[in-house]
Amino acid sequence: MMKQTTVAVLLACAAMGAHAQDRAWLDKSKSADERARAAVAAMTLDEKLLLIVSYTDKKDLAKQPDDIVPPAVKADVAAHHIEGSAGYVPGIPRLGIPPQWQTDASIGVRVGGMERTALPSSLATAASFDPAVSEAGGRMIADEARASGFNTFLAGGANLAREPRNGRNFEYVGEDPLLAGRMAAGLINGIQARHMVSTMKHFAVNDHESQRTTVDVTISPEAMRQSDLLAFEIVNDLSKPGSVMCSYNLVNGRWACENEYLLNKTLKQDWKFKGYVMADWGAVHSTADAANHGLDQFTGYPCCNHHGPFYSAKNFKEAMNKGDVSMRRLDDMAQRILWPLFQTGVFDDPAKVGKIDFAAHAAVAQRAAEESLVLLKNEGNLLPLANVKSVAVIGGHADKGVLAGGGSSGVTPVGGNAVPNLEPTKWPGPVIYMPSSPLAAIKSELQGRQPQAKVAYASGTDIDAAVALAKQSEVAVVFVTQWMGEGFDGRLELDGNQDALVAAVARANPKTVVVVESGGAILMPWLPQVPAVLEAFYPGIRGGQAIARILTGKVNPSGHLPISFPASNAQLAHAEIPGFGKPDGIPVHITYDEGAAIGYKWYDAKGYKPLFAFGHGLSYTSFAVAEPKAIVANGALTVGAALRNTGKLAGKGVVQVYVAPADVKASGWEAPKRLVAFQKFDLQAGGANTFAQAVDPRLLATYEVADNSWRVRAGTYRVLFGQAADDLPVSVDVTLPDMTWSAVHKE
Ligand code: BGC
């Protein structure tokens with residue numbers, strides 16, 4: 001770390017010592033475009049080529065042939081790559097261009113075993129239905145990343161939860177393009193506001209992990225534009241991420257990292273993306289093809305079974321000499337990589353290694369969890385636990401901590417792993433439990449209350465012992481867990497004896513609460529027997545406290561599901577994920593016949609009733625949506641409503657607005673309704689507030705491939721207001737005129 005500070009100082013001196021007037025990129029009054037262009041113009045060929053490769057793992061790098069990785073680059077990486085971090089791109093001291101220090105990922109800084117603050121999973125944060133919560137989290141993790149020496153965050157996961165069993169759904173932001181777009185944009189805005197570059201990833205249609213490096217996804221452009229790509233398009237519009245990470249899979253027969261349609265046509269031409277496309281680690285399959293079809297940075301060499309020596313200046317030069325890649329293209333790559341360094345402030349405000357206020361950061365993570373936990377069921381108002389005499393806490397390592405997801409977003413938490421040595425201990429493990437014991441937090445929340453509650457714990461491995469404890473206790477709280485991670489998909493069924501444990505405890509004690517720590521949706525065969533269920537997802541470094549404060553009523557729950565929970569496997573769009581459970585590397589193929597009908601859209605289109613609907617979430621108070629408004633002016637729809645807290649407690653409620661065409665077939669929509677707006681309010685008992693939002697017209701349209709346009713079909717549309725996809729009691733009808741506009745954004 002010391003070394004890195006020295007480098008920053010040397011870079012600054014080198015830059016200042018030069019003639020500032022010839023160095024337009026140092027001029028802060030110029031635009032990021034102009035500064036990047038001036039810097040590229042001053043670079044030699046070799047300097048430009050330095051920018052386009054990122055390196056990882058210096059030991060493996062040292063073993064690569066010198067003609068592929070020159071000794072000077074190896075030495076630079078060995079000296080400055082931060083051990084255990086994702087990647088490093090050498091800087092150009094002569095011009096004052098800083099190196100790029102790249103770190104994973106969306107919930108916090110992952111750097112070897114270094115202890116850092118972990119936010120709740122991104123899916124949990126999406127359940128807050130409040131982009132400001134994501135943004136606060138983004139600012140916090142960016143501060144930590146900068147204090148750890150990084151300037152580029154590989155955060156911003158925004159793949160839609162098309163496949164509920166996807167191992168990485170916890171890193172993403174749900175099944176709806178508007179929710180996902182606004183929540184991921186919140187995170188990226190928070191990160192970039194702190195003078196770091198953020199990514200959005202994994203571009204695109206990388207919607208399951210089985211055979212992720214070989215799967216070829218077939219999907220129509222219309223379906224993509226109206227689902228997965230729409231989520232990314234909204235993220236790009238709202239947050240202007242400096243970089244986009246292309247994914248491992250193939251889309252319609254072409255690798256995502258050399259996919260003309262995704263990278264050049266959609267992202268760069270249509271969306272006017274000005275930053276750079278970096279490959280996922282090991283996702284590059286060619287040199288010239290990749291560069292010509294839109295890849296700007298060949299990342300993570302020599303990690304992750306890279307597919308040949310594509311990641312080298314030597315190969316790139318050879319391709320240029322053969323005329324396969326032009327200097328113009330290389331200049332564009334360099335320009336795109338430099339642009340966000342100027343735009344986000346990385347260049348003018350370099351990261352400095354420094355102290356981290358872990359207590360303040362943990363409080364940010366706790367607030368995020370408290371906004372995000374979803375109360376799924378609360379029959380007879382069993383929760384919050386008030387005047388309770390005894391509580392049995394059972395299972396889920398609740399005496400130690402709360403679960404987190406595995407893989408590249410696995411952050412080693414401050415305080416260390418609360419349950420070490422669980423399998424797998426190696427990639428995509430280790431399995432990490434955040435050191436935030438729900439048991440201890442429940443005890444502490446109930447401390448001093450009258451009557452003084454007795455709180456006891458049973459691990460749940462012995463069902464009889466758990467049942468005995470539940471019988472002696474007034475209330476039983478059973479914790480169940482589902483570990484998910486990168487590189488594999490899961491099942492919706494809970495592992496081991498957990499379903500049997502819940503069923504047995506619920507039989508023994510009718511006052512049973514289940515707390516679920518899961519990557520995403522699970523099946524709940526015991527649901528009819530259990531009066532209360534709290535979905536905590538992976539709730540982060542203060543998850544135990546957040547759970548306890550919600551169970552005991554200190555905090556009123558306000559999360560809403562960002563994904564539907566299916567009632568059974570039979571409701572899923574795909575019976576099997578191809579290559580599931582098999583060793584990696586088998587070429588497989590999947591056709592997304594469901595198109596853009598993902599999540600609640602799929603359930604609506606099929607007429608299925610899910611276990612819990614998208615948007616569902618209860619509170620200890622009650623809310624009513626009133627004064628629905630839907631106004632069409634010049635073809636543009638604006639919606640608004642009032643939310644009133646009709647209960648006796650202060651709480652946060654979410655108004656959700658959906659639009660349903662009177663004639664679904666004639667509208668061309670993939671499904672009977674789409675979410676078009678949402679707003680969270682913090683309301684005192686009896687309080688009310690109103691909002692109005694302009695509806696993004698793409699949410700009312702279909703994508704027309706023939707002329708690359710969006711089109712709304714004239715007709716009657718019902719605007720539905722409520723608090724969940726299956727709870728929309730208020731509506732207004734509007735007539736929309738026929739409208740068509742280009743899918744190409746204005747500069
Ligand atoms: C993951 C990315 C991550 C990268 C660098 C890959 O395995 O898919 O999300 O940013 O590694 O660690």
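Let me start at His 202: an N or O atom in its side chain is 2.7 Å from an oxygen atom of the ligand. I call that a polar contact, meaning a pair of N or O atoms within 3.5 Å. This is a predicted model, in which local features need pLDDT of at least 70 and side-chain atom pairs pLDDT 80 or more, while totals for chains, interfaces and linings use all residues. Residues are numbered from 1 along each chain as its sequence is written, and side-chain values use heavy atoms, with hydrogens and water left out.

For Arg 168, a polar side-chain atom lies at 2.8 Å; for Arg 212, the distance is 3.5 Å. Taken alone, the ligand exposes 310 Å², and the protein buries 93% of that; these are Shrake-Rupley areas with a 1.4 Å probe.

How many residues surround the ligand? There are 13, and the closest are Asp 104, Arg 168, His 202, Asp 280 and Glu 486; the criterion is a heavy atom within 4 Å. By class, that shell has six charged, five nonpolar and two polar residues, with Gly counted as polar and Asp, Glu, Lys and Arg as charged.

The ligand takes the space of the largest pocket. A molecule sits in a pocket if more than half of its atoms lie within 2 Å of the grid points. On a 1 Å grid over the protein atoms alone, a pocket is an open set with protein on both sides within 12 Å along at least five of seven lines, whereas in a cavity a 1.4 Å probe fits but cannot get out; lining residues have an atom within 4 Å of a point.

Now the cavities. The structure holds five of 30 Å³ or more, volume being the space filled by probe spheres set on the points.

Conventions. A polar contact is a pair of N or O atoms within 3.5 Å; within protein, one must be able to donate a hydrogen and the other to accept it, and residues adjacent in sequence count only if both atoms are side-chain atoms.
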